[in-house]
Number of protein chains: 2
Amino acid sequence: MNLTALYKGHFIDTPTPDEFRVRKDAIAIVEAGKLLSLERSVPARFSSLPVKDLGEGVVIPSFIDLHVHAPQHMQMGAGLDLGLLDWLENYTYPGESRFADEDYAQALYPLFAAELLRQGSLRSVVYGTVHLESTLILAQALEKAGLMAFVGKVNMDRNAPDDLKETPEASFKGSDAFCRRLADIDRVRPIVTPRFAPNCTETLMKDLGQLAQRLALPVQSHLAETLSEVQWVSQLFPERRSYTDVYNDFGLLGPASLMAHAIFLSDAEIDLIMQRDATVVHCPSANINLSSGIMPLGRYLDKGVNLGLGSDVGAGHTLGMYRSVIQAVQASKLLRVLRPEEDHRAVTLSEAFYLATMGNGKFFTRQGWGPCGAFEPGMSFDALSIDMRFPEAVEMSPLNQLERFLYTGDDRHIKTWILAGKVL
Amino acid sequence: MNLTALYKGHFIDTPTPDEFRVRKDAIAIVEAGKLLSLERSVPARFSSLPVKDLGEGVVIPSFIDLHVHAPQHMQMGAGLDLGLLDWLENYTYPGESRFADEDYAQALYPLFAAELLRQGSLRSVVYGTVHLESTLILAQALEKAGLMAFVGKVNMDRNAPDDLKETPEASFKGSDAFCRRLADIDRVRPIVTPRFAPNCTETLMKDLGQLAQRLALPVQSHLAETLSEVQWVSQLFPERRSYTDVYNDFGLLGPASLMAHAIFLSDAEIDLIMQRDATVVHCPSANINLSSGIMPLGRYLDKGVNLGLGSDVGAGHTLGMYRSVIQAVQASKLLRVLRPEEDHRAVTLSEAFYLATMGNGKFFTRQGWGPCGAFEPGMSFDALSIDMRFPEAVEMSPLNQLERFLYTGDDRHIKTWILAGKVL
């Protein structure tokens, strides 16, 4: 019985993308970290338990970030007048090289974990660097902060600066060791991480695909972020049918795969992704900042593609997923308005919020972590309490408060962080 | 001599849009609120004076917001899935109606002024509502916060809800009275404010044009924000050559005029604006949020149009002009990428920053307030000190810090606010 906790508040979630569900003055009954039910009042059998009041703000599912580069946290905002490939060369790779130094990783990764928590992203899927030890330090820092995450040691064995380029063997061995050594950590698990096709030889990709299959691990990579990269991939892999086929051919595309960006895909590639039941991660902030292009999010939603949302820090400029929600809405509006002939539709606020919570949660559910992302019975009780009230003179409904938070709020407005029923 | 103050810091400004000018470890010598010079060390004749150290962050010109609606501050983020005309009807007008109540204005406008200050916009050009007394309260609140501003009582005598619609006579008389009564306030001055052409009869616009000329007052309005509004204006004013001509024909377009948005203009209208030496105010955040469209900022910059930048709260979702700087850059990138056939160019970070400081400052200079917007000798010493340093392990140049602040910072990173040499 001491595993049961009661929380009172105005709960808002998006079990479906269509609209926000608001339940005012509700009582969440949480048992062993999971929501048992959401009630209008305290049921008699729990009447002896204390009720924790989450205040007059709103309670929402905590955010999930499905694509973020931990080592780029310290370069956010830098060099964003450049395009992807120049930005990688001039800012990102030099920054990542420093993580060869474990002391540097020890100094910086705890700050990344703390910021992720502060911004309300209590679950995330994270890229480290090619460095095995530093990436283990990253995993430990996330665990220590009380967060749940998948972490990947990055693999690159070509087209990378010398100090980040591994041999195919070393790269594979490093990943293999990383995945095994991470078995000690409970809430932070490994994900196989070929950086993107131009950085990996066929040998390496084949080995990584086999590793993922042998250890039943998920996979993350980048796909079709820019046109120049798409052309480059077609030159590097002349015998593959498409960029998406490259990953597929090496066993890297399946129900446990996250493919970030996916802007420039043919219909056949979308079909392949759907057929393989893989997930596409939209990263609007990064795509705008690097002038990459805009993924047709509305179209993919309507088609039923598995979709998630990522901050993509450092090309994205904020760890706050509430900002990525707004950037997704903004990007979809501009795609519609600036390309009227293509018949795009704007994505609504509830759809974008859904992606950052329920949509992203599905990836964790698929990996056997149990359901999460909304306030449904049986789901992990992951929540943030937000207070965006304005002076008494201005009445604000719970939904007004959430809109205001998503557009104008920041971490100061997050008052409580709860993951699997535990207040962090 | 006691009017002289010395400030030490790393100064960054944009006297021209082309690039950031960085002067590390410099000493600003400020006399009677103006910058005398920026020196490498304290000149001998000032060696007896104390030097205020603005820290190891960076010092930048304080921001200027050239288009902001004070009564909409409390609705930021609400209803932004709608287009302009629906949003006005469902959110903005009902919100503005409440300012008929002066107690409400007394409760809310000081919060707006405080937030404007906190976000570093020490000068601004502000819309009130149609209400004379409440808009005077707004002006007093800005003055009391120590800010410099132009404030306009809004004029609407048609196509507005009944409780906001004035008669042409009452609207004109209210503005006339507002402008006279504001003469008491030193740093907050009146600006003639026909809301936009669809809200004003020809009679009213003619009278307002004459008022502006008689009292030598500036004018602000909205121009060509959406296509449906442009069509509406052509129906309402069938005998006028264009939307821009409407304002011009009534004496509302000249060197002291601010026209917000200016997205859908013909070449002839741009030529007319340039010929009349009027200023166009870009409001990217609002234009994206309301799916209005994107002003071709790069093209206007290259053409030499007088340009400024506005937050346009509440359709824009933040009072922080650093966020509008980023939204301007982002909007220009998407316009280029999504409409390649039109040959747009992306706007650089320094160009957008220039608009929010030097560019916007020109409007104040033209109104006889003396030059401002950069750290040039003779300019008003308006400055913010910013601290975006990351842990010691990560070296950050002053310019890195500024980039990081513009993309990822917030008011917590602003440490000192200085307007005309006075620390606020």
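Is A:Ile263 buried or exposed, and at what relative accessibility? I find that A:Ile263 counts as buried, at 8% relative accessibility; buried means under 20% relative accessible area, exposed over 50%, and partly exposed in between, with a 1.4 Å probe and protein chains only.

**Basis of the entries**

I am working from a predicted model, in which local features need pLDDT of at least 70, side-chain atom pairs count only at pLDDT 80 or more, and totals for chains, interfaces and linings use all residues. Residues are numbered from 1 along each chain as its sequence is written, chains are lettered from A and ligands numbered from 1 in the order in which they are written, and side-chain values use heavy atoms, with hydrogens and water left out.

**Entry: A:Ile263**

I located A:Ile263 in the loop between β13 (257-261) and α8 (267-275) of chain A. Helices (H or I, at least four residues) and strands (E, at least two) are DSSP runs, numbered from the N terminus. A:Met295 is 32 residues from A:Ile263 in sequence, yet their C-alpha atoms are 4.3 Å apart.

**Entry: the largest pocket**

I noted a volume of about 580 Å³ for the largest pocket. Of its 31 lining residues, B:Ile263, B:Phe264, B:Gly293, B:Ile294 and B:Arg339 are the closest to the centre. On a 1 Å grid over the protein atoms alone, a pocket is an open set of points with protein on both sides within 12 Å along at least five of seven lines, a cavity is a set where a 1.4 Å probe fits but cannot get out, and lining residues have an atom within 4 Å of a point. Grid points are joined across faces, edges and corners, and a volume is the space filled by probe spheres set on the points.

Both chains contribute helices to the pocket lining: α11 (321-338) of chain A, and α1 (84-97), α6 (227-236), α8 (267-275) and α10 (297-303) of chain B, each supply at least two residues. I recorded 16 nonpolar, eight polar and seven charged residues in this lining. Ala, Val, Leu, Ile, Met, Phe, Trp, Tyr, Cys and Pro count as nonpolar, Asp, Glu, Lys and Arg as charged, and the others, Gly among them, as polar.

**Entry: the largest cavity**

I found six cavities of 30 Å³ or more. The largest cavity has a volume of about 220 Å³. Of the 16 residues that line the largest cavity, A:His317, A:Arg323, A:Gln327, B:His317 and B:Arg323 are the closest to its centre. The lining of the largest cavity has six nonpolar, eight polar and two charged residues.

**Entry: the two copies**

**Entry: A:Thr14**

A:Thr14 lies in the loop between β1 (4-13) and β2 (21-31) of chain A. I recorded A:Thr14 as buried, with a relative accessible area of 0%.
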